[in-house]
Amino acid sequence: QLQLVESGGGSVQAGGSLRLSCDVSGGYIYSKQCMAWFRQAPGKEREGVAAIWSVGYGTNYADSAKGRFTISRHSAQNTLFLQMNGLKPEDSAIYYCAASQVQGSPCSLALSQYTYWGQGTQVTVSS
């Protein structure tokens, strides 16, 4: 059974940075499977932040993440990262790592595309 475990969350002041990691165990994420970061703030729906696929390392970012966040993937180590710079209080949320089951599809930020999910890591940004 594929398991995803996030780490790297914490509390920072506005303008600060955090680097999230997602380690995969119990299986392997193939290069044509999408991996992504989502987040969910209290009282809000879960939303996509960034997605990546290994083939050409194409990426897809939400408008809120463009220019501040960078998603990357270490396929050999089955690990996903999210570098977050210039953090804002509105970035506060639980951040989830996700992976698709289907191979070869463009990597969207739609929840329905992703089958495997981690438990999340809390990110809190104070003003």
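Modeller: Go ahead, and keep in mind that this is a predicted model.

Biologist: Why is W117 called partly exposed?

Modeller: The relative accessibility of W117 is 25%. Buried means under 20%, and exposed means over 50%. The value for W117 lies in between, so W117 counts as partly exposed.

Biologist: Why does Y114 count as buried?

Modeller: Y114 has a relative accessibility of 5%. The cut-off for buried is under 20%, so Y114 counts as buried.

Biologist: And what makes F38 buried?

Modeller: F38 has a relative accessible area of 0%. That is under 20%, so F38 is buried.

Biologist: How many aromatic pairs does the whole structure hold?

Modeller: A search finds three. One of them is formed by F38 and Y114.

Biologist: What makes F38 and Y114 a pair, and why is the pair called edge-to-face?

Modeller: Their ring centres are 5.3 Å apart. Rings pair if the centres lie within 6.5 Å, so F38 and Y114 qualify. Their planes stand at 70°. Over 60 degrees counts as edge-to-face, so that is the label for F38 and Y114.

Biologist: How do you know that this pair links distant parts of the chain?

Modeller: F38 is in strand β4, and Y114 is in strand β10. The two residues are 76 residues apart.

Biologist: Why is the pair of F38 and W117 called tilted?

Modeller: The centres of F38 and W117 are 4.9 Å apart, and the planes are at 55°. Stacked needs under 30 degrees, and edge-to-face needs over 60.

Biologist: Which residues do ring pairs link into a cluster?

Modeller: F38, Y114 and W117.

Biologist: What makes you say that the charged end of R46 sits over the ring of W117?

Modeller: The charged end of R46 is 5.0 Å from the ring centre of W117. The distance cut-off is within 6 Å, and the charge must also be within 35 degrees of the ring normal. R46 is listed as sitting over the ring of W117. Likewise, the charged end of R19 sits over the ring of F81, 4.2 Å from the centre.

Biologist: What makes β2 and β11 paired strands?

Modeller: β2 and β11 share four bridges, in the parallel sense. Pairing takes at least two bridges, so β2 and β11 pair. S11 stands opposite T124 in β11.

How values were computed: Residues numbered from 1 in each chain as written. Predicted model: local features only at pLDDT ≥ 70, side-chain atom pairs only at ≥ 80, totals over all residues. Heavy atoms only, no water. Phe/Tyr/Trp six-rings, centres within 6.5 Å; stacked < 30°, edge-to-face > 60°. Buried < 20%, exposed > 50% of the residue type's maximum accessible area, 1.4 Å probe, protein only.
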